[in-house]
Amino acid sequence: MTMQQLRLSMPTPEATQAFAATLAPQLAAGDVILLSGGIGAGKTHFARALIQSLQSPPEDVPSPTFTLVQVYDTPKGEVWHADLYRLTNPDECIELGLVDAFETAICLIEWPDKLEDLTPGDALHLEMIDANKDDSREVSCRWTSPKWDQILDGAQP
């Protein structure tokens, strides 16, 4: 499959929230979004906005830095939010149940490099890049699965 790419400018945190909220209703069980970028790049901010846009009413969405995984029940099914920063071995991802969740839930994975060979081939990779201007970010989107073509086309801010 051919790698597709799209680069989006997010001039404010609210623009990032809007992108997440527009993307969320188009997702379904089995969709995996890999969130990368440095500490403070906006990965959790994006995930929180996406999850809250699926909740009715929106609830508190804490960072899973210490719990590793938070699971949310939404009208679209389970949403798994994982922060793999503290993991040392991909086998820990299996122990957490992530590999099964990739099939049955919407999954948002921070620090996806920790997955190594367990990374789903049809995932959407979003890299949050600090644009060095106030709170602005660039979001580099990469994917190979054709399902993301239409989803991203409908989610651009």
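Modeller: Start with exposure. A residue is buried under 20% relative accessible area, exposed over 50%, and partly exposed in between. Arg-142 has a relative accessible area of 24%, so Arg-142 is partly exposed. Bear in mind that this is a predicted model.

Biologist: What makes Glu-127 and Arg-142 a salt bridge?

Modeller: The cut-off is 4 Å between a side-chain nitrogen of Lys or Arg and a carboxyl oxygen of Asp or Glu. Glu-127 and Arg-142 meet at 3.7 Å, N to O, so the pair counts. Glu-127 is in strand E6 and Arg-142 in strand E7, so the bridge ties together parts 15 residues apart in sequence.

Biologist: Why is Glu-127 called partly exposed?

Modeller: Its relative accessible area is 29%. That value lies between 20% and 50%, so the label is partly exposed.

Biologist: How many salt bridges does the structure hold?

Modeller: Five. One of them joins the side chains of Glu-138 and Arg-7, at 3.8 Å, N to O. Glu-138 sits in strand E7 and Arg-7 in strand E1, so this pair ties together parts 131 residues apart in sequence.

Biologist: Buried or exposed: what is Asp-31?

Modeller: Buried, because its relative accessible area is 6% and the cut-off is under 20%. Lys-147 has 28%, so Lys-147 is partly exposed.

Biologist: Which residues are joined into one network?

Modeller: Asp-31, Asp-122 and Lys-147, through salt bridges that share partners.

Biologist: Now the rings. How many aromatic pairs are there?

Modeller: Two. One is Phe-19 with Phe-46, with ring centres 5.8 Å apart and planes at 45°. Phe-19 is in helix H1 (residues 13-23) and Phe-46 in helix H2 (residues 43-54), 27 residues apart.

Biologist: Why is the pair of Phe-19 and Phe-46 called tilted?

Modeller: The centres must lie within 6.5 Å, and 5.8 Å passes, so the rings pair. Stacked needs planes under 30 degrees apart and edge-to-face needs over 60, so 45° makes the pair tilted. Phe-19, at 1% relative accessibility, counts as buried. Phe-46 does too, at 0%.

Biologist: What makes Tyr-85 and Trp-111 a tilted pair?

Modeller: The centres are 4.8 Å apart and the planes are at 55°, so the pair is tilted. Tyr-85 lies in the loop between strand E4 (77-83) and helix H3 (91-95), and Trp-111 in the loop between strand E5 (106-110) and strand E6 (124-130). The pair therefore ties together parts 26 residues apart in sequence.

Biologist: Where do Tyr-85 and Trp-111 turn up among the pockets?

Modeller: Both line the second largest pocket, with Lys-43, Thr-44, Asp-83 and Glu-110 also among its lining residues. That pocket holds about 160 Å³ of space. Its lining has four nonpolar, five polar and three charged residues.

Biologist: And how much space lies in the largest pocket?

Modeller: About 200 Å³. Of its 15 lining residues, the closest to the centre are Leu-34, Thr-119, Ala-123, His-125 and Arg-142. Strand E2 (32-36) and strand E7 (137-143) each supply at least two lining residues.

Biologist: One last label. Why is Ser-36 called buried?

Modeller: Ser-36 has 15% relative accessibility, under the 20% cut-off, so Ser-36 counts as buried. Ser-36 is in strand E2. Beyond four places in sequence, Ser-36 touches Lys-43, Pro-112, His-125, Leu-126, Glu-127 and Met-128.

Methods:
Residues numbered from 1 in each chain as written. Predicted model: local features only at pLDDT ≥ 70, side-chain atom pairs only at ≥ 80, totals over all residues. Heavy atoms only, no water. 1 Å grid on protein atoms, 1.4 Å probe; cavity = no way out; pocket = protein on both sides within 12 Å on 5 of 7 lines; lining within 4 Å. Points joined across faces, edges and corners; volume = space filled by probe spheres on them. Helix = DSSP H or I, 4+ residues; strand = E, 2+ residues; numbered from the N terminus. Nonpolar A, V, L, I, M, F, W, Y, C, P; charged D, E, K, R; others polar. Buried < 20%, exposed > 50% of the residue type's maximum accessible area, 1.4 Å probe, protein only. Contact = heavy atoms within 4.5 Å. Phe/Tyr/Trp six-rings, centres within 6.5 Å; stacked < 30°, edge-to-face > 60°.
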